Amino acid sequence: MAIRYWLGVIQRDHVVLGVRYGFVQINHGQRGGLDQMRESDGFVYYSPRVSTPDGEPLKAFTAIGRVSDDTVYQAAVPRPDGADWRPWRRSVDWYPDAVEAPIRPMLALLDFTSFTRNWGVQLRRGFLELSRHDFELIRTEMRPPHPDDRRFPTASR
């Protein structure tokens, strides 16, 4: 089966939890979409905001990795009222050295944004398939800079 590439939309504060515990969760824990993913598929999170519900705007890719198996599972997450919430999840091996990358410099280069001024509308679905080109471009932009690529000011004496 061919490798596919996916994008999930979620605020950065939730991305941090998924990366810490090695999972992806989309559309408020619904199963839909997770069934389409397969082991080794690429996955990237885009975060319109820093936090929920009204956090500071971010508009950046915040995590990237590969689906690690073919299992969709349900987690038990306690709520403050004592009830359990049972969101659906997939295990992901996140790239540990990935750095956030703003979307704005990539808008004209990404397949899913280059032909429309209203690119954000399609992100409202919370989940969409990406082209390999888009995934690779995002992955390249999320690589940390190599120390040789940085320009350090020289100390003046």
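What is the volume of the second largest pocket? The second largest pocket has about 210 Å³. The notes below set out the basis first, then pockets, cores and backbone.

1. Basis. This is a predicted model, in which local features need pLDDT of at least 70, side-chain atom pairs count only at pLDDT 80 or more, and totals for chains, interfaces and linings use all residues. Residues are numbered from 1 along each chain as its sequence is written, and side-chain values use heavy atoms, with hydrogens and water left out.

2. Second largest pocket. A pocket here is an open set of points on a 1 Å grid over the protein atoms alone, where a 1.4 Å probe fits, with protein on both sides within 12 Å along at least five of seven lines; lining residues have an atom within 4 Å of a point. Volume is the space filled by probe spheres set on the points, which are joined across faces, edges and corners. The lining includes Val9, Tyr46, Lys59, Trp119 and Arg124. Helix 2 (119–123) gives the largest share, 4 residues. Helices (H or I, at least four residues) and strands (E, at least two) are DSSP runs, numbered from the N terminus.

3. Largest pocket. Its volume is about 580 Å³. Of 24 lining residues, Ile10, Gln11, His14, His28 and Thr52 lie nearest the centre. Helix 1 (12–21) and strand 3 (42–49) each give two or more residues to the lining. Helix 1 gives the most, with 4.

4. Largest nonpolar core. Such a core is a set of buried Ala, Val, Leu, Ile, Met, Phe, Trp, Tyr and Cys residues joined through side-chain atoms within 4.5 Å. Buried means under 20% relative accessible area, exposed over 50%, partly exposed in between (1.4 Å probe, protein chains only). This core has 20 residues, and Leu7, Phe61, Phe112 and Ile138 have the most contacts inside it. Helix 3 (132–141) gives the most, 3 residues. Beyond four places in sequence, Leu7 is in contact (heavy atoms within 4.5 Å) with residues including Phe43, Phe61, Phe112 and Leu130.

5. Second core. A separate core of 15 residues includes Leu34, Val67, Val72 and Val92.

6. Backbone. Most residues other than glycine have a negative phi, and most peptide bonds are trans. The bond from Thr52 to Pro53 is cis, with omega near -5°. Pro53 sits in the loop between strand 3 and strand 4. Asn27 has a positive phi of about 45° and is partly exposed at 22% relative accessibility. Lys59, in strand 4, has a positive phi of about 50°.
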